[in-house]
Amino acid sequence: MVGAGPAGVAAAVMAASLNLRTMVVEASSVGGKLHRIGALENVPGNWSTGPQLADALAADLARLEKAGRCTVVQALAAEVSGHEYRAELALGDGRVLTANFIVVATGVTDLAPADAGWITASAEFSAPPLWRATPQDLTARTYVLGADRPLGTWLRAHQDVTTTLHVLCPPADAYKAAEVEADGRIRLVPISHAAITKPTYGGGWTVEVEGSDGTKTTYAATSVLNNLGNKPAAVAGLVSGNDGYCPPDKQHRRIRIAGDLRSARYQRITTAQGSGAEAVLAYYYDITLSHAGGIR
């Protein structure tokens with residue numbers, strides 16, 4: 001298993017239950033981006049925050065290790081490859097691990113303003129991530145870049161906040177914005193482009209937005225927060241689509257994709273867990289039901 005987020009840990013638990021020998025490779029901490037999530041409401045198990053669930057996943061892996069059913073290796077995964085009778089994982093330190101099959105669940109990483117084609121900004125511009133912002137950081141002129149789903153998570157974690165967030169929403173985020181548009185603390189600003197510069201006098205930022213009809217409007221922002229969303233954290237060797245995500249059905253038969261790495265539209269904790277377990281089950285049924293010449 002590559003990655004110890006919800007998908008990778010679910011895959012390890014499923015593999016252990018099927019008596020499959022498992023190794024989990026994780027570059028940082030168990031739980032991954034769960035540590036940033038301040039409130040959970042769509043995950044079974046009565047978890048109220050992401051860190052609580054991350055701790056539970058770490059406990060699951062510790063239990064499997066203690067029972068001798070799993071080995072956890074802290075290392076950076078560099079490249080995967082599938083071959084006729086094996087799969088290989090090259091690590092950043094030069095080691096190469098060999099397995100019958102590999103589940104890749106490396107998830108996603110944050111987009112920066114420079115990654116967004118609809119934003120131009122001066123060289124000195126920087127935007128702290130929304131998920132790090134506290135209610136005290138907000139002002140009446142706080143602008144948010146993008147309407148990605150962490151916006152809803154942040155609002156649930158800070159239900160007492162009454163400050164309005166002005167959210168710049170490009171067309172690609174419209175379906176995500178639908179989840180929070182009824183929240184009175186949100187003012188959605190549909191745009192096709194945004195130019196952010198430092199004003200000649202005073203602090204903050206000047207935000208010039210262009211609507212779909214070409215109309216331009218300029219706002220004075222005291223602060224700008226980054227909520228642009230994610231980009232796939234794919235390792236080398238995977239087959240990716242035009243959007244950078246890695247369709248499971250396009251990979252080598254010994255390499256399975258699970259979690260957020262599959263698609264931008266299914267980035268949910270519960271779907272990640274299900275996909276991790278399913279990836280292992282699919283392999284298990286391949287090896288138990290296949291005839292001569294099948295996957296072994």
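Q: What percentage of the 296 residues in the protein is buried?
A: This is a predicted model, in which local features need pLDDT of at least 70 and side-chain atom pairs count only at pLDDT 80 or more, while totals for chains, interfaces and linings use all residues. Residues are numbered from 1 along each chain as its sequence is written, and side-chain values use heavy atoms, leaving out hydrogens and water. With buried taken as under 20% relative accessible area, exposed as over 50% and partly exposed as in between (1.4 Å probe, protein chains only), the buried share of the 296 residues in the protein is 43%.

Q: Where does aspartate 148 lie?
A: Strand E9 covers 142-145 and helix H3 covers 150-157. Aspartate 148 is placed in the loop between strand E9 and helix H3.

Q: Is aspartate 148 buried or exposed?
A: The relative accessible area of aspartate 148 is 5%. Because of this value, aspartate 148 counts as buried.

Q: With which side chain does the side chain of aspartate 148 make a polar contact?
A: Contact means heavy atoms within 4.5 Å, and, leaving aside neighbours within four places in sequence, aspartate 148 is in contact with residues including Asp173, Asn227 and Gly229. A polar contact is a pair of N or O atoms within 3.5 Å; within protein, one must be able to donate a hydrogen and the other to accept it, and residues adjacent in sequence count only if both atoms are side-chain atoms. At 2.6 Å, the side chain of aspartate 148 makes such a contact with the side chain of lysine 176.

Key
Helices (H or I, at least four residues) and strands (E, at least two) are DSSP runs, numbered from the N terminus.
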